[in-house]
Each structure stands twice: as structure tokens, then as C-alpha cells.
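Let me put the model up, and then I'll walk you through how it is put together.

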Amino acid sequence: MPHLFQCQGCNQSLNWNETPLCLSCRNHFVLAPALCPFCGGLNCDQQKCSQPWSQHPAIRSYTAQYLAVGNCHQLLRKWKSSGGPSFDRIVFKSYTPPESVDAIVPIPQRLKRSFELGRSPAHAIANALSRDLKLPVVTAIRIRKRSLQRQALLRLQQRIETPQYFEPISEKLPSLGESVVLVDDFMTSGHTLRRAADVLNFHGISRIHVFCLGLRPKIGS
Ligand SMILES: [Zn+2]
Ligand SMILES: [Zn+2]
């Protein structure tokens, strides 16, 4: 008899009550340790941040749910490309921001990428947090139109001189309060998140808590 159910992680056949992941895939998830609240790094101690140049004036904390390494990284990528509601339920753990916040803001995704994936992973994470924390998801920023194709072509120096990679969704940002959770799927250096934080901060959000699903450790850290 053919097996109707397959593990979404490794494709081996499953009993219905194990879907969507087999036991061994479930054991691949690696929870992330607490991150440095100043730079989002893994290797700073409580007293001293080793990358003070990465600090952002409005970002007050960084949280990653998982360390995206090895099999865990592969599983999170599978979730990103094919996660449905039952996969979501396994992947999302609860998150409590360090202070009360007013809204949840997902990092925007290129339209082309949304089309390829059929959804926006950052939005899926934001929606899960929203149900948990009973807070609104606000689409406050978008990728700056002119930067869409040019970003890849620009040389590094020019990119550094192009300060605003994101822009507000409209001239006046929707009302967000003063404190938000900024959400993305994966974080490596945190550069993208900090550029998004620049725009929010410029429009009056003074306290930002970063939440991402997976931290990809930088090479050498
Ligand atoms: Zn599996
Ligand atoms: Zn640090």
C-alpha cells in the first residue's frame, strides 16, 4: 500500500499522526542562545559588545528562535519554501518581547521572491506572533523601488553611500505607536534589519525589538 504521508523535511513516509515532520527531523531544530542586545551577535558578553559599530540607536534587543546551522538550516529553508499551517505550528515557538510593544512589522520581500515562494515567510512569522501577542501586523515599509534592480549592480562603495534601502509605505507611516517588533525569517549580519530600523526610527519609532526565525552564524564566529 502506498504511503500517503511524507516528512516535509526528509521525504520519508510517515504515519498520519506524525505529519508533517518525522521524529528525527523534529530533533534537528537547534534553539538559539540569547543574542547580544546591542549587535545581535552570538559572542558578546554581558558587559562588552565586541562589535560596537553594529549598534543601532533604536534597536533594543535581538532574538532568534533557532541557530540556522546544518540540518536545522535545511529544515528552516524547507519551511520557507513549502511550510503550511501544520509545519508552522511546529516551527513557531512563543516569543515575549522584553517590554510591551505596539505593533509587529515584517521586513518586506521582493515581489518576485513572493511569487516564487507563493507567500512571504516574514509575513507568516509576523502573523504567528500577532496571534500569540494579540498585536496588529503593520506593513509599514517597502523596498525602495529604485533600489530593486540597482542594488545588485551597485558596487559596494556606492551601496554604502545609498543610505535608504527601504522606504515608508506611504508618505506618512501608519500609526505604529513607539515600540515595535521587527520581523524577518533569517538574519546573518543584521544589516538588512538595521536599514529597516533606520526608516522606522526616522518616522518616530524609538524602540525596536528584532525577532528572526533563524540566525545564520557569520563565518568565523
Ligand atoms: Zn524527516
Ligand atoms: Zn554585541
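This is a predicted model: local features need pLDDT of at least 70, side-chain atom pairs count only at pLDDT 80 or more; totals for chains, interfaces and linings use all residues.

Before I count anything: helices here are DSSP runs of H or I with at least four residues, strands are E runs of at least two, and both are numbered from the N terminus. With that in hand, the protein chain has eight helices and eight strands.

Four strands make an open sheet, in the order β3-β8-β7-β4, and the pairing is parallel. At the edges you find β3, residues 59-67, and β4, residues 103-106; each has a single partner strand, so one side of each has no neighbour in the sheet. From one strand to the next, the twist averages 25°.

Now look at the β7 and β8 pair. Strand β7, residues 179-187, and strand β8, residues 207-215, are joined by eight bridges in the parallel sense.

On to the β3 side: β3 and β8 run parallel, with seven bridges joining them. There, Ser-61 has His-209 in β8 as its bridge partner.

So how buried is β8? Eight of its nine residues are buried, so β8 is largely enclosed by the rest of the structure. For the protein chain as a whole, 32% of the 221 residues count as buried.

Next, the core. The largest nonpolar core has 49 residues, and those with the most contacts inside it are Val-105, Val-180, Leu-182, Val-183, Ala-196 and Leu-200. Two or more residues come from each of β3, α2 (70-82), β4, α5, β7, α8 (191-202) and β8.

One last thing, about contacts along the chain. Taking contacts in the protein chain with a separation of 6 or more, 73% are between residues 24 or more positions apart.

Notes:
Residues are numbered from 1 along each chain as its sequence is written. Chains are lettered from A and ligands numbered from 1 in the order in which they are written. Two strands pair if DSSP finds at least two bridges between them. Axes are lines fitted to C-alpha atoms, for helices over the stretch in contact, and angles run from 0 to 180 degrees between N-to-C directions. A nonpolar core is a set of buried Ala, Val, Leu, Ile, Met, Phe, Trp, Tyr and Cys residues joined through C-beta atoms within 7 Å. A residue is buried if 20 or more other C-beta atoms lie within 10 Å of its own, exposed if 12 or fewer, and partly exposed in between; C-beta atoms are placed from the backbone. Two residues are in contact if their C-beta atoms, placed from the backbone, lie within 7 Å.
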